[in-house]
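Here are my notes for someone opening this entry for the first time. Have a look at the sequence and the model, then read on.

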Amino acid sequence: MKHHIGRSAAVLVTLAALATGCGGAGSDTTTKPTTGGSAGTGSGSGGSAVGKADFGTVFRTEERFKQALPDPASMAGWTPRSASAEIEEAPEPAASCGADADWYCARIARGEADYEAFGEEAQFDLTAFADEKAAQDAYRKEKSWSAKYTKAGVAPVPGVESHAYYRNAGGLDGLYLTLCLGTTVAQVTLEGEGSSLDPATAHSLAQIFVPRIQKAAAAS
């Protein structure tokens, strides 16, 4: 996984061809995320999509993408660090991505927003693909790639496919929750040095992120 921790803030740019379809309509929960408790190992958060919502439009504006990423108002208790987005000038066609290719292959755009609190960093990533099949393929590749790590017991997120795992990289402990929503793959990451990362926190952050993505798509 490539993460840009501590990167300076950047201006969000216009994105194209984002829609939601493989995720349902989650609840619009903005409860303050909590931390604490033991990380444990658990059984993961895999689950099938329910309540599928079909949006016939796509993200085409900077404003729509900003709406999808959690903002300071929805992240009470967390300090914003950065927000950015980038468009692939020459995205790879999905047909060129082999079964073992990097799951980012064929992405058309990516954005992130970072927050910090409780000695941890929370990062929200949203990766866009040209169609739902490409997003689902990417999600499955990421899930297969992450299978070598310890599963995290994050509760299933209503209406979306998801899985979670722990990973240590660069001296930081990380809890990664990956979700599939329509033509996007979203990821909530908690990272901290020697901290005990709580699955309940990852779940509460996803309950902020998922409805924002769905509402932004519905409003486009």
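The numbered points below go from the whole chain down to single residues.

1. First, the ground rules. This is a predicted model, where local features need pLDDT of at least 70 and side-chain atom pairs count only at pLDDT 80 or more, while totals for chains, interfaces and linings use all residues. Residues are numbered from 1 along each chain as its sequence is written, and side-chain values use heavy atoms, with hydrogens and water left out.

2. The overall layout. The protein chain has three helices and seven strands (DSSP runs numbered from the N terminus: H or I of at least four residues for helices, E of at least two for strands). Walk along the sequence and you get α-β-β-β-α-β-β-β-β-α. Take contacts (heavy atoms within 4.5 Å) between residues at least 6 apart in sequence: 71% of them join residues at least 24 apart.

3. Of the 220 residues in the protein chain, 49% count as buried. Buried here is under 20% relative accessible area, exposed is over 50%, and partly exposed is in between, with a 1.4 Å probe and protein chains only. The protein chain exposes about 9300 Å², with 52% of that supplied by carbon and sulfur atoms (areas by the Shrake-Rupley method with a 1.4 Å probe; for residues, only the protein chains shown count as cover).

4. A nonpolar core is a set of buried Ala, Val, Leu, Ile, Met, Phe, Trp, Tyr and Cys residues joined through side-chain atoms within 4.5 Å. The largest one has 34 residues, and Phe 124, Leu 175, Leu 177, Leu 179, Leu 190 and Phe 209 touch the most other members. Elements giving two or more residues to this core include helix 1 (62-68), strand 5 (161-169), strand 6 (172-181) and helix 3 (199-219). Which element gives the most to this core? Helix 3 does, with eight residues.

5. Leaving aside residues up to four places away in sequence, Leu 179 touches Tyr 139, Val 157, Ala 206 and Val 210, among others.

6. Asp 198 caps the N-terminal end of helix 3, with a side-chain oxygen 3.1 Å from the backbone nitrogen of Ala 200.

7. The cysteines. There is one disulfide by the rule used, namely a pair of cysteine sulfur atoms within 2.5 Å. Cys 97 is joined to Cys 105, S to S 2.0 Å, and the link is left-handed, with -85° about the S-S bond. Cys 97 is buried at 14% relative accessibility, and Cys 105 is buried at 19%. Cys 180 also counts as buried, at 0%.

8. Ala 106 has a positive phi of about 80° although it is not a glycine; look for Ala 106 in the loop between strand 1 (79-87) and strand 2 (107-117). Phe 118, another non-glycine, has a positive phi of about 55° and is placed in the loop between strand 2 and strand 3 (120-129). Are these residues buried or partly exposed? Ala 106 is buried, at 10% relative accessible area, whereas Phe 118 is partly exposed, at 42%.

Terms used:
A polar contact is a pair of N or O atoms within 3.5 Å; within protein, one must be able to donate a hydrogen and the other to accept it, and residues adjacent in sequence count only if both atoms are side-chain atoms.
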